[in-house]
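These are notes for a first reading of the entry shown below. Please keep the structure open while going through the points.

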Amino acid sequence: MGTNLLDAELVKRVQAGDKAAFDILVQKYQHKVVNLINRFVSDQTECYDIAQDAFIKAYRAIGNFRGDSQFYTWLYRIAANTAKNYLASRARKSPSYSIDVDDAEHYEGESGLKEYTTPENLLLTEEIEKTVYQAIENLPEDLKSAITLREIEGLSYEEIAEVMDCPIGTVRSRIFRARDAIDKELRPLLE
Amino acid sequence: MSEQQDKLSRLLDEFADDEASRLSLDEVEGDVNLQYRMRRYQMIGDALRHELPKQIDTDFSAKVMAQINQIEDIRVSTDGTVPDSGNRQSLWSWSIMKPFAGLAVAASVAIVSITLWQTVSVPPDSGQASEQVVSADQQKIERLASQPIQTNVIPVNSSLNGGLRWKINNNAPALQQKLNAYLVNHTEYSNSMQGLIAQARVAGYDAKQ
């Protein structure tokens, strides 16, 4: 299986009615999609709402996806268009909600806190990054190099083997051991 | 277990010498622990590339899957064409909307009945006060009728089918330390905390409370 053929296999499964396969795609691309939308919309709450819409649209349209482009390229276009449409409709709409004077003091407004905006969630990104970087620092050099070349530089196993002058099997083993070591540090943070 | 994790790592990188050396998607889909591990492995990559969002919604995929589970199955027919979903979609909409439409009608009838009963039961000499009551209720009815029926609201406490729901471990020492600092700093410098004496401080964050 080559680059992005995993996505192709997942898409095929979704098209055959396997919704769990779509969940794997959501898990894989949710952060990329949210970050993309964040370039259009600054409010994080709205970003997640728009991202949710984008994934739903992608699911509804996935029957028409023919694989002419990579799945993420296709998803990127849907997410970008969803964000642009949201901005356009927001520009057209004037505030339409009205509330009683008696209810006003309890009204959160349309941008009220969502259930995931907790202090823990606000700190989570920072804590995950810090945990991962600290774990990487504690790794032996060969494991650190292998995981860095794979995750940050995006090199294939073959390319890493060439750079590190070692067999592909050794690369595979180093990357797995690096992930496992970092995962041990990350797991206590997330139940 | 270690061999399975090794295979999962290879699946993630789409590397395999052969089919047997790689974890199959069937195995991943059938094992929620493997899914969580896969997601953590992906998160490691996201963190290294600084691709994590500023704020993480730990329930995001669960919310998406909850909505998707309300959608009819996507099927691609053997000749490669997608069945016309237009009629199916409108049928789905009506079949889901029907009970809600019924409830909305019943609610409107109930409110109108109560309003009429109040009007009839009000003493004849209450005059202007009763007219104000009817007027206020009428406004409420009109507002209720004009509100669109929401069919995709996901309550916070609903049990969501499919999708991973992460729970942050509040007892993680590093996180507790940060939360304590967050709360103390916030109360110390906040000028808008109503009802809180300026000299008072929040002692700390106790995850067990």
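1. How much of chain A is buried? Of its 191 residues, 34% are buried. A residue is buried if 20 or more other C-beta atoms lie within 10 Å of its own, exposed if 12 or fewer, and partly exposed in between, with C-beta atoms placed from the backbone. In chain B, 19% of the 209 residues are buried.

2. This is a predicted model, in which local features need pLDDT of at least 70, side-chain atom pairs count only at pLDDT 80 or more, and totals for chains, interfaces and linings use all residues. Residues are numbered from 1 along each chain as its sequence is written, while chains are lettered from A and ligands numbered from 1 in the order in which they are written.

3. The pLDDT is the predictor's confidence in each residue, from 0 to 100. Chain A averages 86, and 82% of its residues score at least 70. Among the elements of chain A, the lowest mean pLDDT is 86, for helix α5 (residues 119–137), and the highest is 96, for helix α6 (residues 141–151). Where pLDDT is low, the predicted coordinates should not be read in detail.

4. Chain A has 8 helices and 0 strands; chain B has 7 helices and 0 strands. Helices (H or I, at least four residues) and strands (E, at least two) are DSSP runs, numbered from the N terminus.

5. Two residues are in contact if their C-beta atoms, placed from the backbone, lie within 7 Å. Among contacts in chain A between residues at least 6 apart in sequence, 61% join residues at least 24 apart. For chain B, residues 24 or more positions apart account for 60% of the contacts with a separation of 6 or more.

6. In chain A, the axes of α2(A) and α3(A) come within 9 Å and cross at roughly 135°. Axes are lines fitted to C-alpha atoms, for helices over the stretch in contact, and angles run from 0 to 180 degrees between N-to-C directions. The angle makes α2(A) oblique to α3(A); angles under 35 degrees count as roughly parallel, over 145 as roughly antiparallel, 65 to 115 as roughly perpendicular and the rest as oblique. By class, this contact has 12 nonpolar, 2 polar and no charged residues. Ala, Val, Leu, Ile, Met, Phe, Trp, Tyr, Cys and Pro count as nonpolar, Asp, Glu, Lys and Arg as charged, and the others, Gly among them, as polar.

7. Helix α3 (residues 44–61) of chain A also meets helix α4 (residues 71–92) of chain A, with axes that come within 9 Å and cross at roughly 130°. The two are therefore oblique to each other. Residues of α3(A) in this contact include Ile50(A) and Ala54(A), and those of α4(A) include Leu75(A) and Tyr86(A). The contact divides into 9 nonpolar, 1 polar and 2 charged residues.

8. Which way do α7(A) and α8(A) lie to each other? Their axes come within 9 Å and cross at roughly 100°, so α7(A) and α8(A) are roughly perpendicular. The contact involves, among others, Tyr157(A) of α7(A) and Ile168(A) of α8(A). Its residues are 6 nonpolar, no polar and 2 charged.

9. In chain B, helix α4 (residues 60–68) is mostly covered, with 7 of its 9 residues buried. Phe60(B), Val64(B) and Ile68(B) are among them. The buried residues of α4(B) pack against α2 (19–38) and α3 of chain A.
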